[in-house]
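Please brief me on the structure shown here. Keep it brisk and group the points by topic.

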Amino acid sequence: TQKLPFGQLFDVEKMKQLIQKVYTRHWCTRRTLTAHQTWCSNAHIPGMLTAAQMAQFLADREIVTETLLLSKNITNFRDARELQNYGERLWSKRFPNGIRKVDLLKVDRLVSIEVDCHFYKKVRFAEPAVEYRKFWSITDALVWNTKLVRTQEEFQRKLFRDFGAVARDKAKSLGYSHPEEPKFAVLKLPDDPCSTAHCPDLGNILLSEGVQPGLPLYIAFSSADAVKQYQSRMQGGVLETVFTVVTKDMLDPGQHDETTWAALDFMTAEGAGMFVGPSRSIFSSLVLLSRQRMKFEAFHFDGRITMLEEDGILRPEKSTAVPMLRSPLKWVFSLSLGAKTSSAWNMTLAAVRSASISPESLVPVCLTDAAPMSELAHGMVQMGVRVLYHRPDWMDKMKPIFNRWKRKSDKKWKFAFPDFDGTRGSLLRIDIPIVGFLDHFVLYTDVDIIFQRRLNWETILQTDVESFMREATEATE
């Protein structure tokens, strides 16, 4: 409490009460530990001291003050349980014969334990250990103050009022259905720019995961200029074409300091209908883990486990990693812009309708070079297909090569061989790995198929997924 403006962010009095309950509940059930006598006595020992209270103790000359640098003593800590053991050693050292009642009625010694910024990287919390639950109990005690809550509520009302109808109308014009509830989605952009040759458009990643374009998409920690700068490095510009992007400067420009904005963004992300962010971010890692325990929808757009989980700092029992074989299975097909006027369109309609035999196990996804406002895309979206928009950078180079190859081919194949425009839809499948799927595996087929029965990974593998993964692991080892 010495460095952070707690009163600006949190309800300190309520936090004191909740922290007191957490400590009392924890120590009263641990009768063999020295601290038990403190927290389960009739004397009131505060579970939390504010900066002002600490200053009073430090200024009192009758109180002997001892300072310990805790981080130097936890190098070999395996997990958060070691922290409790370390505390017990401190208690036993100062009260070798236990705590007497008279010890609880006076304060003549203060042990000040200081930690550095990397403290929580060394103390590890893993479910189902009780320390993991205590971490979240203390986190839940961080109650935002009334002023900040009201500011966030007004912020959220303005988000719906100014951009809710805009998002719905834009989505409707592209064929998307109206969201059932007045929700919004939050996206946290990565801190580092994409450094690969093919940076997938975040818009396609959101669409492939079923994020509804009819929801206003609030970009946390970013201005409108920052979003445009980020989009300039992406392929396609799908994010702003399909989604209604909202930034803080569009809602409440320049009225809050950086710390308050960080708190507002966290509150907004934690309570959104959907949250998406990068895995290598403490902010999005904590938001995702918090939402996971509340069973709210969230995912990392890079498909990796959270940074906190990967580093062993905060590890839930259920991993946030994308499973090797996800369910429902994504069925992917590709269509070119000209498919609407070809026989491929009728075959696609038949294939998509037949896929409805497995609505809970099969998700149809169309990869197309058509524009989002095209008749083709509109028709697919209205049939419940997740449409990804992508124009390969090799397309213009491929056409003359393809035509030259056709002219030189054997005469008997010359007229049977399709034109480039007739086959470009199938060629789009080459770019499936880079368009934005989080799945390790998807099912790709051409459009000339009919699904006659329920299809899932068990049907394809002829065994259950767990057995397949176990056998695959044993084979690689």
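**Briefing**

Q462 counts as exposed, at 64% relative accessibility; exposed means over 50% relative accessible area, buried under 20%, and partly exposed in between (1.4 Å probe, protein chains only). This is a predicted model, in which local features need pLDDT of at least 70, side-chain atom pairs count only at pLDDT 80 or more, and totals for chains, interfaces and linings use all residues. Residues are numbered from 1 along each chain as its sequence is written, and side-chain values use heavy atoms, with hydrogens and water left out.

- Most residues other than glycine have a negative phi, and most peptide bonds are trans.
- Q462 is not a glycine, yet its phi is positive, at about 60 degrees.
- Q462 sits in the loop between α22 (457-461) and α23 (465-476); helices (H or I, at least four residues) and strands (E, at least two) are DSSP runs, numbered from the N terminus.
- K295 also has a positive phi, near 65 degrees, and is a residue other than glycine.
- The loop between α15 (282-293) and β8 (298-300) holds K295, which is exposed at 76% relative accessibility.
- E127 and P128 are joined by a cis peptide bond, with omega about 15 degrees.
- P128 belongs to the loop between β3 (125-126) and α8 (130-140).
- Another cis bond runs from S327 to P328, with omega near 5 degrees.
- P328 is in the loop between β9 (314-315) and β10 (329-335).

**Nonpolar cores**

- In soluble globular proteins, nonpolar side chains tend to be buried together.
- A nonpolar core here is a set of buried Ala, Val, Leu, Ile, Met, Phe, Trp, Tyr and Cys residues joined through side-chain atoms within 4.5 Å.
- The largest nonpolar core has 69 residues; L187, L217, W331, F333, L335, M380 and Y389 touch the most other members.
- Helix α17 (residues 343-355) gives the most to this core, namely six residues.
- Apart from this core lies another, of 27 residues, including L9, A220, A263 and V287.
- Leaving aside neighbours within four places in sequence, L187 is in contact (heavy atoms within 4.5 Å) with L202, L217, Y218, I219, A220, L239, V276 and F301.

**Sheet and packing helices**

- Four strands form an open sheet in the order β12-β11-β10-β13, with parallel pairing; two strands pair if DSSP finds at least two bridges between them.
- β12 (386-389) and β13 (443-444) are the edge strands, and each pairs on one side only.
- Two bridges connect β10 and β13 in the parallel sense.
- W331 stands opposite L443 in β13.
- Helix α17 lies across β10 and β11 (362-368) and runs at about 170 degrees to β10; axes are lines fitted to C-alpha atoms, for helices over the stretch in contact, and angles run from 0 to 180 degrees between N-to-C directions.
- Helix α18 (residues 375-382) packs on the sheet and touches β10, β11 and β12; its direction makes about 150 degrees with that of β12.

**S334**

- S334 is in strand β10 and is buried, with a relative accessible area of 7%.
- A polar atom of the S334 side chain lies 2.5 Å from the backbone oxygen of G425.
- Not counting residues up to four places away in sequence, S334 touches L367, G425, S426, L428, R429, Y444 and V447.

**Aromatic pairs**

- The whole structure has 13 aromatic pairs; rings of Phe, Tyr and Trp (its six-membered ring) pair if their centres lie within 6.5 Å, with planes under 30 degrees apart counted as stacked, over 60 as edge-to-face and the rest as tilted.
- F10 and W144 are stacked, at 4.9 Å centre to centre and 20 degrees between the planes.
- This pair links distant parts of the chain, 134 residues apart: F10 is in the loop between α1 (6-9) and α2 (12-28), W144 in the loop between α8 and α9 (146-173).
- F10 is buried, at 11% relative accessibility.
- F266 and F283 pair edge-to-face, at 5.8 Å centre to centre and 85 degrees between the planes.
- F266 is in helix α14 (residues 258-271) and F283 in helix α15, so the pair ties together parts 17 residues apart in sequence.
- F266 is buried at 15% relative accessibility, and F283 is buried at 15%.
- Ring pairs join F10, W144, F221, F266, F275 and F283 into a cluster.

Conventions: A polar contact is a pair of N or O atoms within 3.5 Å; within protein, one must be able to donate a hydrogen and the other to accept it, and residues adjacent in sequence count only if both atoms are side-chain atoms.
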